Amino acid sequence: MSRIARIIAALSLLGTVTLAQAGAAELPVSEVATGIFVHSGAIALMTRENEGDIANVGFIVGDAAVAVIDTGGSFHEGEALLAAVRARTNKPIRYVINTHGHPDHVFGNAAFAAGGTSFVGHSKLPQALATRGPYYLDNFRRIMGSELIDPVKIIAPTLLVSDTMTLDLGARRLILRAWRAGHSDCDVTVYDEASKTLFTGDLVFLRHIPVMDGSIRGWLETLKELEAIPAQRVIPGHGPVSDWPAALADERRYLSTLLSDVRALNKSGEPIRAAAEKAAAEERARWELFGDYNARNATAAFSEIEWE
Amino acid sequence: MSKWTRRLPLIAALLGIAFAVPAQAEEASDPWPGLVQDIFNNRAMNDGSSVIGIEMPYRAEDAAIVPVTLRSKLSPADSRRIRSITLVIDRNPAPMAAKFELGPDANVTEISTRVRVNNYTDVHAVAELTDGQLYVSKVYVKASGGCSAPAGKNVEEAQSRLGKMRYRQFAREEAPASRVREAQIMIGHPNNSGLQMDQVTQLYIPAFFVNQLKLTQDDSLVLSMEGGISISEDPNLRFTYVSNGAKRFRAEAKDTDGHVFRSEWDVEKPGT
């Protein structure tokens, strides 16, 4: 080992020690393509026990800089993700991209708030965080406890995507795209041209039942356009890294079933509560967390299509 | 947190010391007595179990859209009728969700709407009868988990629907012989709460919501609502009433910005 390398190793060891003292173990990540690291969150609700670690998060390393994509469901998870980055590269983290504003994707932001990092998101993300952030903090303080939630700070993006945006990490271009309301009203995807890897955030779910918090019709429209992206693999917001675009099939079937069911229920004059009980019922066995989210998806979808 | 502080609650519990963390203190104090004072001027509350029913799902699946149904339990033989129903969501930032006045001749027996639920909370329905007494019923609702929030999902679309109204009639088994009707009114409105601070400007987003709604058949009152920010985006009322033979159903809504939205429909040809 050269002297320089030894010094760098010693310095990064020091860094690791500092992080360890702050309580951050390294978040397990796997390199799914050259320079693309992904941590797979549990298929679960955010709890005190799992520290909010339920979403897929990751980072992309270019020649000059690093982009982190989503930061996890607690400050503690964000710190652990930072430790995972630092264990692999000393290049600066130039960007933190939030694929949308849900707590399991943004609660770790504050771990990256030290100078020099730009937060990137949909042009509607600041508004979403402003209206929902305080509620999320209260609700998850109740669920996960103060110790985990007190360090969480809601950090809104300053670099805003309203259509498309290209970020250059040094010989590595990321294409960001802002979408119409779908999973939420502030969904952004990140496409790495070099490895043909697509980070979809929660526009794509596998195994974990899709959660609809934007527009069911918009989401189905977006799936048509997403499918055309010439990616080889997808990092979904929840569920395993998968082949593209085959990964879309289950989600499209679920959303289409839900949409046609709520339309039929509305047409026959059923009240919204009946929709919550009946819509997409035949999908139950195909998804994890169905009981946690299907009634809610149906409620939201019903109130949307009533205006058709 | 050090090992010592982490173990404090355990130690306190073992020693029998009351160790109130703020969240527990909040859950412990019941806001209802204060609400009876503020909203009902401390008037006596009678048991409403045979007067007014309140139905909500046990868990608020979507915090922004929680269906609630209020149902009269008075027998048709009862000489009293319901004059008004006040819906209170105890632990919401603005607990008084709505006050419904029921038209004296419309015989409204059921009202369904959708509300926001911010917290684990009791929800009270207080009916005032023509005997001048208040009768209360309640249910308990668990807050939603996950990423749901009592806020809009698609802010742009809600804004684009501002002031649009729809009226719909539902087929009833006893119709058409009976004059009982079931209808629904929808009003496009963001119903913003005004309680959130804009993180960028550090200013509160101004409240903007439907605060008055009046429904009539011709000019005879069916139902009116004094609404607050706990009513979901795009206020939606589904209700039963008895037709007086009128040909026109009318709705007039007012919001906090002074907009007045009016619409009327041929009762036989509902729609937009």
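Which strand of chain A is Thr200(A) found in? A few notes on this predicted model, starting there.

1. Thr200(A) sits in strand β11 of chain A. Thr200(A) counts as buried because 27 other C-beta atoms lie within 10 Å, against a cut-off of 20 or more.

2. Who touches Thr200(A)? Setting aside neighbours within four places in sequence, the contacts of Thr200(A) are Thr189(A), Leu226(A), Val234(A), Pro236(A) and Gly237(A). As for Met165(A), 35 residues separate it from Thr200(A) in sequence, and the C-alpha to C-alpha distance is 15 Å.

3. Now zoom out to the domains. Chain A splits into domain 1, covering 29-244, and domain 2, covering 248-308. Their C-alpha centres are 26 Å apart.

4. Where the two domains of chain A meet, 19 residues of domain 1 are in contact with 20 residues of domain 2. On the domain 1 side, β11 (197-205) and α6 (216-227) of chain A are the elements giving two or more residues. By class, that domain 1 side has 13 nonpolar, two polar and four charged residues.

5. Then there's the contact between chains: 33 residues of chain B touch 41 residues of chain A. On the chain B side, β6 (110-115) and α4 (155-160) each supply at least two residues. That side of chain B divides into 16 nonpolar, nine polar and eight charged residues.

Terms used:
Residues are numbered from 1 along each chain as its sequence is written. Chains are lettered from A and ligands numbered from 1 in the order in which they are written. This is a predicted model: local features need pLDDT of at least 70, side-chain atom pairs count only at pLDDT 80 or more; totals for chains, interfaces and linings use all residues. Domain bounds come from an automatic or database domain assignment. Two residues are in contact if their C-beta atoms, placed from the backbone, lie within 7 Å. Helices (H or I, at least four residues) and strands (E, at least two) are DSSP runs, numbered from the N terminus. Ala, Val, Leu, Ile, Met, Phe, Trp, Tyr, Cys and Pro count as nonpolar, Asp, Glu, Lys and Arg as charged, and the others, Gly among them, as polar. A residue is buried if 20 or more other C-beta atoms lie within 10 Å of its own, exposed if 12 or fewer, and partly exposed in between; C-beta atoms are placed from the backbone.
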